[in-house]
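Subject: Structure handover

Hi,

Here is the structure I promised to pass on. Please open it alongside this email, and read the notes below with the coordinates in view.

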Amino acid sequence: MLNVKRHGTMIAMALFLALPAQAKKSFRILVEDNWPPYAYVKDNQPAGLTIDLIKAALRLGGADAKIQQVTYLRCMALTEPEGKEVACANTARNADLELKYTFPTSFLFRSRGLIVTSRDFIKANHKKFKKVSDLEYKMVALPSGFTFGKEFDQNTRILRYYTVNDMTSLRLVESGRVKFAAIDEMVLYYYLNHHPELKDVITPVLELTNEPIYMQLSKTHADSLELQDKFERGMVALKASPEYDHMLQKYLGKDIPVAKFK
């Protein structure tokens, strides 16, 4: 009798071990396609700090990330309440956006927003720019949909020239068609490093923001709560590990003080 029981147990265990492992749930995450070094296309594949962070966070949270790159405005539109996608990155957080999206507690990294101009403009105009209001009645180029903090975003006396991406903004400043551009610090340095002709032309003159950047979630998608839970748990674990700092240094520079991005 004991041998039969033991034999039955062994068969049950063998059948259990033969079952396929339960697959991790995969979430499709939209990420913008033209904001290097955070999110861009390299060799026809998604690349950048944001992609690596999201994949690592979901892996640690027990899920997989399937990255789909689209333009920034499309990324935002598809995750609005009437949209069909569950999440989008990269996004700053403000009161207007909180009405449309859910934001996790954990952000991806911090972004330092700058105002840049041409060195020729600085030579010809000795005015120093010390505060956001110094930009009033001046034209500032920036990509459509981008935010640069409450003080800048809500000042209607600052004139705006909307562009398709940051590189277009920099070219406008280079040509003199627009005197100023708003841009993330590391995006600026990426383009200066990849376009040396801009190094002697473009210079920062004012800091706008130092704010968190998020992967925001749809308020209505059926997978939002589950994705948020897995992402939160994974992001907390990732930031507690050396891997997070290694990713920052990989994309932003080995010698940067990573603390200001955390």
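This is a predicted model: local features need pLDDT of at least 70, side-chain atom pairs count only at pLDDT 80 or more; totals for chains, interfaces and linings use all residues.

**Helix α2 and its partners**

Start with α2, which spans residues 49-61.

Take α10 to begin with, residues 242-252. The axes of α2 and α10 lie 10 Å apart, at an angle of about 165°. Angles over 145 degrees count as roughly antiparallel. So α2 is roughly antiparallel to α10. The crossing of α2 past α10 is right-handed.

Which residues make the contact between α2 and α10? From α2 come Leu49, Asp52, Leu53, Ala56 and Arg59. From α10 come Glu243, Tyr244, Met247, Leu248, Lys250, Tyr251 and Leu252. Sorted by class, this contact holds 8 nonpolar residues, 4 charged ones and no polar ones.

Now α9, residues 224-239. Its axis comes within 7 Å of the α2 axis, and the two cross at roughly 100°. The range 65 to 115 degrees counts as roughly perpendicular. Therefore α2 and α9 are roughly perpendicular to each other.

On the α2 side, the residues are Leu53, Ala56, Ala57, Leu58, Leu60 and Gly61. On the α9 side, they are Leu227, Lys230, Phe231, Arg233, Gly234, Met235, Ala237 and Leu238. By class, the contact of α2 with α9 has 10 nonpolar, 2 polar and 2 charged residues.

Look at Leu53 and Ala56 in α2 when you compare the two contacts. Both residues meet α10, and both meet α9.

**The disulfide**

How many disulfides does a search of the whole structure find? The search gives 1. This disulfide joins Cys75 to Cys88, with an S to S distance of 2.0 Å. The pair links distant parts of the chain, 13 residues apart. Cys75 sits in helix α3 (residues 72-78), and Cys88 sits in strand β6 (residues 87-91).

What is the handedness of the disulfide? The torsion about the S-S bond of Cys75 and Cys88 is about 125°, so the disulfide is right-handed.

Are the two cysteines buried or exposed? Cys75 has 0% relative accessibility, so Cys75 counts as buried. Cys88 also has 0% relative accessibility and counts as buried.

**Backbone features**

Most residues other than glycine have a negative phi, and most peptide bonds are trans. The residues below are worth a look for that reason.

Stay with β6 for a moment. Asn90 is in this strand. The peptide bond joining Ala89 and Asn90 is cis, with omega about 20°.

Another cis peptide bond runs from Pro36 to Pro37, with omega near 10°. Pro37 is in the loop between β2 (34-35) and β3 (39-42).

The loop between β3 and β4 (45-47) holds Asp43. Asn44 is in the loop between β3 and β4 too. Asp43 is not a glycine, yet it has a positive phi of about 55°. Asn44 is not a glycine either, and its phi is positive at about 65°. Are these residues buried or exposed? Asp43 is exposed, with a relative accessible area of 69%. Asn44 has 72% relative accessibility, so it counts as exposed.

**Two residues and their contacts**

Glu98 lies in helix α4 (residues 95-100). At 36% relative accessibility, Glu98 counts as partly exposed. What does Glu98 touch, not counting residues up to four places away in sequence? The contacts are Arg93, Phe103 and Lys219. Lys219 is 121 residues from Glu98 along the chain, and their C-alpha atoms are separated by 9.7 Å.

Tyr162 is in strand β10 (residues 159-163). Its relative accessible area is 48%, so Tyr162 is partly exposed. Leaving aside neighbours within four places in sequence, Tyr162 is in contact with Leu142, Pro143 and Ser144. Ser144 and Tyr162 are 18 residues apart along the chain, with 5.2 Å between their C-alpha atoms.

That is the handover.

Best wishes

Methods. Residues are numbered from 1 along each chain as its sequence is written. Side-chain values use heavy atoms; hydrogens and water are left out. Axes are lines fitted to C-alpha atoms, for helices over the stretch in contact, and angles run from 0 to 180 degrees between N-to-C directions. Helices (H or I, at least four residues) and strands (E, at least two) are DSSP runs, numbered from the N terminus. Angles under 35 degrees count as roughly parallel, over 145 as roughly antiparallel, 65 to 115 as roughly perpendicular and the rest as oblique. A crossing is left-handed if the near helix is turned anticlockwise from the far one by less than a right angle, and right-handed if clockwise. Contact means heavy atoms within 4.5 Å. Ala, Val, Leu, Ile, Met, Phe, Trp, Tyr, Cys and Pro count as nonpolar, Asp, Glu, Lys and Arg as charged, and the others, Gly among them, as polar. A disulfide is a pair of cysteine sulfur atoms within 2.5 Å. Buried means under 20% relative accessible area, exposed over 50%, partly exposed in between (1.4 Å probe, protein chains only).
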